[in-house]
Amino acid sequence: MSNAPVDSGRRRFLTATTAVVGGAGCAFAAVPFIASWNPSAKAKAAGAPVEVDISKLEPGQLIRVDWRGQPVWVVNRTQAALDELKAVENQLKDPASDEPQQPEFAKNQYRSLKPEILVAVGLCTHLGCSPTYLPDTFGEQVSGVKSGFFCPCHGSKFDMAGRVFQNVPAGLNLVIPPYTFVDDTTILVGVEEGAA
């Protein structure tokens, strides 16, 4: 053991320097680690809003787009289809869309922002099959109703507002995703009305 005098100033300097260098090293190591928690570009794109051009959407026509890995239908409903909506309300499980699976703006007879345009997630609320759009032959499924959606997996039936009929396996109406109209011919699916 040495009897040399202890330089406490130097010891404090070396301790502080070691702590600063160690802290900076930890910070440099932590930055990439924390950045790895952010979603990938692919994940961001999967959840991103989808722009839909409806300028060429004819009355009675349905187009499909993908949003968050789900099919979303955009249908230009005919006047005849709109007229049928009120007539079938007594045959529906939730005609007023009281169940909370759609945005507040869709709690109306049309379940949409504009009566003629339906935007709905194209998955049956029973087990997730994709119903078939029957623009002219839905009367084979529901007497007196010309158009609607029929799920071939288990027989669930939905009207042209995506509302489920009684006595079928599906318990809920089709989901209405958040969406907004950018202009008269463009819809942005994934952004709720007023948030764009």
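Is Ser97 buried or exposed in this predicted model, and what is its relative accessible area? The exercises below begin with that residue.

**Exercise 1. Describe the setting of Ser97.**

Step 1. Locate the residue. Ser97 sits in the loop that runs between helix 3 and strand 4.

Step 2. Read the accessibility. The relative accessible area of Ser97 is 0%. Buried means under 20%, so Ser97 is buried.

Step 3. Check the backbone. Most residues other than glycine have a negative phi. For Ser97, phi is near 55 degrees, which is a positive value in a residue other than glycine.

**Exercise 2. Compare this with Asn167, and state where that residue lies.**

Step 1. Asn167 belongs to the loop between strand 7 and strand 8.

Step 2. Phi of Asn167 is near 60 degrees, again a positive value in a residue other than glycine.

Step 3. The relative accessible area of Asn167 is 77%. Exposed means over 50%, so Asn167 is exposed. Ser97, in contrast, is buried.

**Exercise 3. Find the buried side of helix 3.**

Step 1. List the buried residues. In helix 3 these are Ala81, Leu82, Glu84 and Leu85.

Step 2. Ask how they are placed around the axis. They cover an arc of only 155 degrees, so they are on the same side of helix 3.

Step 3. Recall the geometry of a helix. An α-helix has 3.6 residues a turn, so residues three or four places apart point the same way.

Step 4. Turn to the other face. The face away from the buried side carries the exposed residues Gln79, Lys86 and Ala87.

Step 5. Consider a residue with an intermediate value. Ala80 is also in helix 3. Its relative accessible area is 47%, so Ala80 is partly exposed. Ala80 and Val145 are 65 residues apart in sequence, yet their C-alpha atoms are 10.0 Å apart in space.

**Exercise 4. Describe the nonpolar cores.**

Step 1. Start with the largest core, which has 37 residues; Phe149 and Ile187 touch the most other members.

Step 2. Name the elements that give two or more residues to this core. They are strand 2 (62-67), strand 3 (70-76), helix 3 (79-87), strand 4 (117-121), strand 8 (179-183) and strand 9 (186-189). Strand 4 gives the largest share, 5 residues.

Step 3. Follow one member. Leaving out residues up to four places away in sequence, Ile187 has contacts that include Val50, Val52, Ile54, Val74, Ile117, Val119 and Phe181.

Step 4. Note that a second, separate core has 8 residues, among them Leu92, Leu134, Val142 and Val145.

**Exercise 5. Characterise the cavity.**

Step 1. The structure holds 1 cavity of 30 Å³ or more. The space in the largest cavity is about 30 Å³.

Step 2. Name the lining: Ala81, Glu84, Leu85, Val88, Val145, Ser147, Asp159 and Met160.

Step 3. Sort the lining by type. It divides into 5 nonpolar, 1 polar and 2 charged residues.

Step 4. Link this to Exercise 4. The lining includes Ala81, Glu84 and Leu85, which are among the buried residues of helix 3.

**Exercise 6. Contrast two loop residues, Ser112 and Gln166.**

Step 1. Ser112 lies in the loop between helix 3 and strand 4, whereas Gln166 lies in the loop between strand 7 (157-158) and strand 8.

Step 2. Ser112 is buried, with a relative accessible area of 4%. Gln166 has 37% relative accessibility and counts as partly exposed.

Step 3. Set aside residues up to four places away in sequence and list the contacts. Ser112 touches Arg77, Phe105, Ala106, Ile117 and Tyr179. Gln166 touches Asn90, Gln91, Leu92 and Lys93.

Step 4. Read the C-alpha distances. Ser112 and Ala161 are 49 residues apart in sequence and 8.0 Å apart in space. Gln166 and Ser156 are 10 residues apart in sequence and 9.0 Å apart in space.

How values were computed:
Residues numbered from 1 in each chain as written. Predicted model: local features only at pLDDT ≥ 70, side-chain atom pairs only at ≥ 80, totals over all residues. Heavy atoms only, no water. 1 Å grid on protein atoms, 1.4 Å probe; cavity = no way out; pocket = protein on both sides within 12 Å on 5 of 7 lines; lining within 4 Å. Points joined across faces, edges and corners; volume = space filled by probe spheres on them. Nonpolar A, V, L, I, M, F, W, Y, C, P; charged D, E, K, R; others polar. Core = buried A, V, L, I, M, F, W, Y, C linked by side-chain atoms within 4.5 Å. Buried < 20%, exposed > 50% of the residue type's maximum accessible area, 1.4 Å probe, protein only. Helix = DSSP H or I, 4+ residues; strand = E, 2+ residues; numbered from the N terminus. Contact = heavy atoms within 4.5 Å. Arc of directions from axis to C-beta.
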